Amino acid sequence: MRYVKWTFWIIFWLLIASFFHYTLPQRDIARIVETEVRRVDFGENSIFWAGADTGQEATGANRDVRFINTVRTNGRVMVYRNEDTGWGWPPYFKLDSSNLQTEAADLVSPKGTPQWVVVTHYGWRNEFLSIFPNAVGVRPIDDPEQRLIPWFNILILIIFAGLCLGFYRLTQWFRRSKIDPLLEDAGETWDAVDARADAARDQATGVWGRFKAWLDTWRGKPRV
């Protein structure tokens, strides 16, 4: 039973960590090499794609999707999709994918004279499942070694930790003030019932003993 409990909590917190890692904004320093629009056929990975642009109706199993192709400071390639999030989840309320695509195209630079940018995005990149992070912002920077501190993420995680601690304290208080007294009363009631049962058993034993003694008086006395 203990292993089941630990397995449950490990899976639970892994899901929570995955949720935050996918949803919270991340920032990469990269060089934009190209912007393009591709026709994408959605399959089993459709859950990792946003809907059509706000104000447009998505029909069929495919549609055009904007992409921003980049190379990061370590030389690794990173491809971002550029889709509206609209009023859905995650709540970035991104409605300007066309504008962002134009800004990204304006920041395209060659390898010899790179223009480094900070790409703000959410989501994961997985080549096997053809999953791409969704870019939500692009801005130029001069220093590719600039340290990016995720203050917003830190704030959200602190608030979440505070809510978890508050919920834990609330459950502890509820247990001490509501559950434990009920258990104590139930224990006392059970002890009282057990005591009455013992008394009844003793009384029954005493009555039976007196009855047996009365029966013995009717038996013949042994002859000398």
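User: Which residue in β2 does V37 stand opposite?

Analyst: This is a predicted model, where local features need pLDDT of at least 70, side-chain atom pairs count only at pLDDT 80 or more, and totals for chains, interfaces and linings use all residues. Residues are numbered from 1 along each chain as its sequence is written, and side-chain values use heavy atoms, with hydrogens and water left out. Strands are DSSP runs of E with at least two residues, helices are runs of H or I with at least four, and both are numbered from the N terminus. In β2, the residue opposite V37 is R66.

User: How many bridges join strand β1 to β2?

Analyst: Two strands pair if DSSP finds at least two bridges between them. Strand β1 covers residues 26-41, and β1 and β2 run antiparallel. The number of bridges joining them is 11.

User: Which residue in the turn between β2 and β3 has a positive phi?

Analyst: β2 also pairs with strand β3 (residues 77-82), in the antiparallel sense and over six bridges. I68 has Y80 in β3 as its bridge partner. β2 and β3 form a hairpin with four residues between them. The turn residue with a positive phi, about 90°, is G75.

User: Why is β2 largely enclosed by the rest of the structure, and how many of its residues are buried?

Analyst: Buried means under 20% relative accessible area, exposed means over 50%, and partly exposed is in between (1.4 Å probe, protein chains only). Strand β2 spans residues 62-72, 11 residues in all. It is largely enclosed because the number of buried residues is eight.

User: What pattern of helices and strands does the chain follow?

Analyst: The chain has three helices and five strands. Read along the sequence, their pattern is α-β-β-β-α-β-β-α.

User: How far apart in space are R38 and F67, C-alpha to C-alpha?

Analyst: R38 is found in strand β1. Its relative accessible area is 28%, so R38 is partly exposed. Leaving out residues up to four places away in sequence, R38 touches several residues, including F67 and F132 (contact means heavy atoms within 4.5 Å). R38 and F67 are 29 residues apart in sequence, and in space their distance is 7.4 Å.

User: What is the N to O distance in the salt bridge of R72 and D28?

Analyst: Side chains of opposite charge can pair when their charged atoms come close. A salt bridge is a side-chain nitrogen of Lys or Arg within 4 Å of a carboxyl oxygen of Asp or Glu. The N to O distance is 3.7 Å.

User: Are R72 and D28 buried or partly exposed?

Analyst: R72 has a relative accessible area of 26%, so R72 is partly exposed. At 9% relative accessibility, D28 is buried.

User: Which residues are linked with E83 in a network of salt bridges?

Analyst: The side chains of R63 and E83 meet in a salt bridge at 2.6 Å, N to O. R63 lies in strand β2 and E83 in the loop between β3 and α2, so the pair ties together parts that are 20 residues apart in sequence. E83 also forms a salt bridge with R81, the closest N and O atoms being 2.6 Å apart. The residues linked with E83 in the network are R63 and R81.

User: What is the relative accessible area of E83?

Analyst: Both R63 and E83 are buried. R81 is buried too, at 1%. For E83 the relative accessible area is 1%.

User: Which residues make the nonpolar surface patch?

Analyst: A nonpolar patch joins Val, Leu, Ile, Met, Phe, Trp and Tyr side chains within 5 Å, using residues with over 30% relative accessible area and no salt bridge. Accessible areas come from the Shrake-Rupley method with a 1.4 Å probe, and for residues only the protein chains shown count as cover. The patch covers about 420 Å². Its residues are F8, W9, F12 and W13.

Note on methods
Patch = residues over 30% accessible without salt bridge, like charges linked within 9 Å, V, L, I, M, F, W, Y side chains within 5 Å.
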